[in-house]
Amino acid sequence: MSKKRALITGVTGQDGAYLAQLLLQEGYSVHGIVRRSSHAGVFDHRLRWLKIAEAIELHDGNLLDLSSLARIVQEVQPDEVYNLAAQSFVTASWQQPILTGEITGLGAVNMLECVRTLRPQARYYQASSSEMFGLIQEDVQSESTPFYPRSPYGAAKLYAHWMTINYRESFGLHASNGILFNHESPLRGVEFVTRKVTDGVARIKLGLARELRLGNIDAKRDWGHARDYVKAMWMMLQQEKPGDYVIATGRTSTVRAMCEIAFRHVGLNIDEHLVIDPKLFRPAEVDVLLGDPSKACAAFGWKAEISLESMIEEMVEADIARLRITGAN
Ligand code: GDP
């Protein structure tokens, strides 16, 4: 039997890298779409970190360029398509709301169109997001909780989410949405709060910095580990029927509590280093997120395995190791 072929957009991001690793372990031939630019530097550093860069076939393309997607889908003939690419940083989505809508919203529709017209038998995964819940309408958010996005990013993700459902219902595509709550790892970008904290704590520990500046530390998130969450993506596409699933730990913590884990791990006192910077507060905040993953657990036995504590400790250790090699860069 020939290998199953998977096509991943956003393969150079955190989730793309872990998903590619999982699919390689599962025996897939893995193809990724990369958006090259003249100033991109080492664009595949996450794939290198996982030592899988050589094992993946990369294709130049862009979610905004339907012709590039069509060429790649025709070439690869994928069995599974994972649409993970997005402008995913919430703060930046207020600075570039239209671009965010184009990439995160319309980009998904470009991919869905390619699947519908060129490869309708392929199974499609859309990376939906807990940011769609925004101003939460229920204390614990599940698949039936009404959405109320609070950022251009959340609104764009909601459009892509509904278009995925539309393509499933209108054209019979095997198209699923994973409504993933925040998920982190040593491969998370430093613009996100967990990695900013673990990188900042590592710098303070190594004497490279004295303080860590944060915005709203009372915000609460349901944080899981990306390695656990990419498993859920794959499992979703192995189900006979497509569907929409919340993927979360079922536990929520404040930014401050997450930060305390990092400081405690290296034996530092948080109050001596943490500085609150009003400039880092957002125009509209998502105060609290807490997901109920019981549908995914009942349907295919998924649950989060890695705790917040062990994830933050792993991230601090990885940042210390990285800084020892690279210095302050
Ligand atoms: P998000 O949930 O996708 O927006 O993930 P982030 O990791 O960017 O932010 C999580 C929460 O941390 C939000 O409520 C932010 O307001 C809060 N936060 C507090 N200080 C900071 C900071 O310095 N950077 C970021 N990115 N978030 C911060």
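Me: Where is T194 found, and is this residue buried or exposed?

Reply: Burial is read from relative accessible area: under 20% is buried, over 50% exposed, and partly exposed in between, with a 1.4 Å probe and protein chains only. In this predicted model, T194 is found in helix α7; its relative accessible area is 0%, so T194 is buried. Helices (H or I, at least four residues) and strands (E, at least two) are DSSP runs, numbered from the N terminus.

Me: Which side chain makes a polar contact with the side chain of T194?

Reply: A polar contact is a pair of N or O atoms within 3.5 Å; within protein, one must be able to donate a hydrogen and the other to accept it, and residues adjacent in sequence count only if both atoms are side-chain atoms. For T194, the partner is the side chain of E184, at 2.5 Å.

Me: Which residues come nearest to the ligand?

Reply: A residue is near a molecule if one of its heavy atoms lies within 4 Å of it. Around the ligand there are 18 residues, of which K196, G215, R221, R282 and E285 come nearest. A polar side-chain atom of K196 is 2.8 Å from a ligand oxygen atom. Ligand oxygen also lies 2.9 Å from a side-chain N or O atom of N182, and 2.9 Å from a polar backbone atom of V193. The ligand taken alone exposes 530 Å², and the protein buries 96% of that; such areas come from the Shrake-Rupley method with a 1.4 Å probe.

Me: Which elements and domains supply the shell around the ligand?

Reply: The elements giving two or more residues are α7 (193-205) and β8 (212-214). Domain 1 (5-184 + 225-247) and domain 2 (193-221 + 252-286 + 306-326) each contribute at least three residues; the bounds come from an automatic or database domain assignment.

Me: How is the largest nonpolar core read, and which element gives its largest share?

Reply: In soluble globular proteins, nonpolar side chains tend to be buried together. A nonpolar core is a set of buried Ala, Val, Leu, Ile, Met, Phe, Trp, Tyr and Cys residues joined through side-chain atoms within 4.5 Å. The largest one here has 36 residues, and I8, L19, L23, Y82, Y125 and I247 have the most contacts inside it. Elements that give two or more residues to this core include β1 (5-9), α1 (14-25) and α8 (226-238). The largest share, eight residues, comes from α8.

Me: Which residues other than glycine have a positive phi?

Reply: Most residues other than glycine have a negative phi. K51, however, has a phi near 60 degrees, and Q77 has a positive phi of about 50 degrees. K51 is found in the loop between α2 (45-49) and β3 (57-60); its relative accessible area is 76%, so K51 is exposed. Q77 is found in the loop between α3 (66-76) and β4 (80-83), and is partly exposed because its relative accessible area is 29%.

Notes. Residues numbered from 1 in each chain as written. Predicted model: local features only at pLDDT ≥ 70, side-chain atom pairs only at ≥ 80, totals over all residues. Heavy atoms only, no water.
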